[in-house]
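Subject: Structure handover

Hello,

Here is the structure for your files. My notes on it come after it.

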Amino acid sequence: MKDVTAPLYEVSDLAALEFDPFLREALQGEPVVRIRLPHGAPGGCWLATRHDAVRFVTSDPRFSRDIVGRPLPSMNRYLIPLDRAVSFVDPPDHTRVRSVVSLAFNRSGVAALRPRAQAVLDQLLDSMVAVGPPADLVQHVTSPFPMHVIGAVLGVPEADQPRLRTWADAVLTRAKDETQVERAQQAKEEARAFFLELARERRLQPQDDLISELVAAVESGKIEEEELLALATLMALNGWHAVRNHTSNMVYCLLTDDSLKGRLRSDPHAVPAAVEELLRWIPHKHGVGQARIATEDVEVGGVLVRRGEAVYVSYVAANWDERCYPEPHRIDIDRDGPPHLAFGHGPHHCVAPLLARMEGELLLTALLTRLPDLRLATAPKTVPWQKDVLIRGPVALPVTW
């Protein structure tokens, strides 16, 4: 198919949590639209935006994530995960690899971690309050909190956690030039080497952490060492970066929406529902992630996708599909509708949604309880936002109380 008329989807940084105008327009068209992307192989690809189309593409086995080495149109200049990452594996191998971490992130595993996470959060808030207002909530709380949590899960020593932040900032970005590509690739290799050494240590002295469990899975033949390294790197970097920005965005919404704040102050039990609605509403991701390849001709919402063609999905667009969520631009914690897709859908959905939800619920509850007069210490329009990142979020959140 010729793509000379297909629009180029080239993401630019948006103001605060502005919804992507390209996605807004695409939602008014067919369930799957033809687009071009700025990097990778020339030619076009497909983008699914509607809720039902996104669910279909992400769950139908005729769409493969085995894309390493394929020349594809791309939003970014390089593939984010390591080549052996679970992101690029189809079932049954995908199921095999994910199964070794499922217990750590199921309901009982997350419930067991909750008291420890609460203690970390309380300590961070104590430190911020001791410093006094105004203070940067990102620096004091929303950045260190998820790093402590994912570090505890994986077994990363606290002294090494700043290195994870540095690597995440280098890898989880839209590389603007080859220098940034090289920096990101170097960070990926350094993270791989770090987890290789940590795995060797755990092989000699196992501990009560996920790295030790992954090492045991390698020893028993369930997974390969390269799969361990790719899985650990992905969970560590994304488990900090995504949750830092998700929770920072939630707090920004709380402090700029008097109705939302008033509702939660009067009804603390509504916090979990608020977290769900904010996960739906916040346009957290810039652009699109990894492609899927049609392994045969497939019709999606009346559109024929040919074998070998690349299909991307937008969870952000699907979460604003007015066919499922009337007045999608409005935050409504009493909203009815299908579950949001902020954590993805199908076999490749996020491995730790319960953990991310817990962190959001703990944070909002703690702020509303301990700092009921918390407010921005600057005008909302002056809050600085990160540039060229994959998961959007503020650089800083100056607050007072």
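This is a predicted model: local features need pLDDT of at least 70, side-chain atom pairs count only at pLDDT 80 or more; totals for chains, interfaces and linings use all residues.

Residues are numbered from 1 along each chain as its sequence is written, and side-chain values use heavy atoms, with hydrogens and water left out.

Cores

The largest nonpolar core contains 123 residues, and Y9, F195, L214 and L355 have the most contacts inside it. A nonpolar core here is a set of buried Ala, Val, Leu, Ile, Met, Phe, Trp, Tyr and Cys residues joined through side-chain atoms within 4.5 Å. Buried means under 20% relative accessible area, exposed over 50%, and partly exposed in between, with a 1.4 Å probe and protein chains only. Helix 10 (residues 225-256) gives the most to this core, 16 residues. Helices (H or I, at least four residues) and strands (E, at least two) are DSSP runs numbered from the N terminus. Apart from this core lies another, of 17 residues, including V305, V311, Y315 and L341.

Leaving out residues up to four places away in sequence, Y9 touches D20, F22, L23, I35, R36, L37, P38, L47, M75, G287 and V288; contact means heavy atoms within 4.5 Å. F22 is in helix 1 (residues 21-26).

Five strands make an open sheet with mixed pairing, in the order 1-3-10-7-4. Two strands pair if DSSP finds at least two bridges between them. Strand 1 (32-36) and strand 4 (63-64) each have a single partner strand, so one side of each is left without a neighbour in the sheet. Helix 2 (residues 51-59) packs on the sheet and touches strand 1, strand 3 (44-48), strand 4, strand 7 and strand 10; the direction of helix 2 makes about 125° with that of strand 10.

Strand 7 (residues 292-294) and strand 10 (residues 310-313) run antiparallel and are joined by two bridges, with I293 partnered by A310. Strand 3 pairs with strand 10 in the parallel sense over three bridges, and W46 stands opposite V311. From strand 10, A310 and Y312 point one way and V311 and V313 the other, and all are buried.

Helix pairs

Helix 4 (residues 107-131) packs with helix 14 (residues 353-370) at an angle of about 35°, with axes 10 Å apart. Axes are lines fitted to C-alpha atoms, for helices over the stretch in contact, and angles run from 0 to 180 degrees between N-to-C directions. The residues of this contact divide into twelve nonpolar, one polar and six charged. Ala, Val, Leu, Ile, Met, Phe, Trp, Tyr, Cys and Pro count as nonpolar, Asp, Glu, Lys and Arg as charged, and the others, Gly among them, as polar.

Helix 7 (residues 161-171) and helix 8 (residues 178-204) have axes that come within 8 Å and cross at roughly 145°. R163, L164, W167, A170 and V171 of helix 7 meet residues of helix 8 including R183, A184, F194 and F195.

Regards
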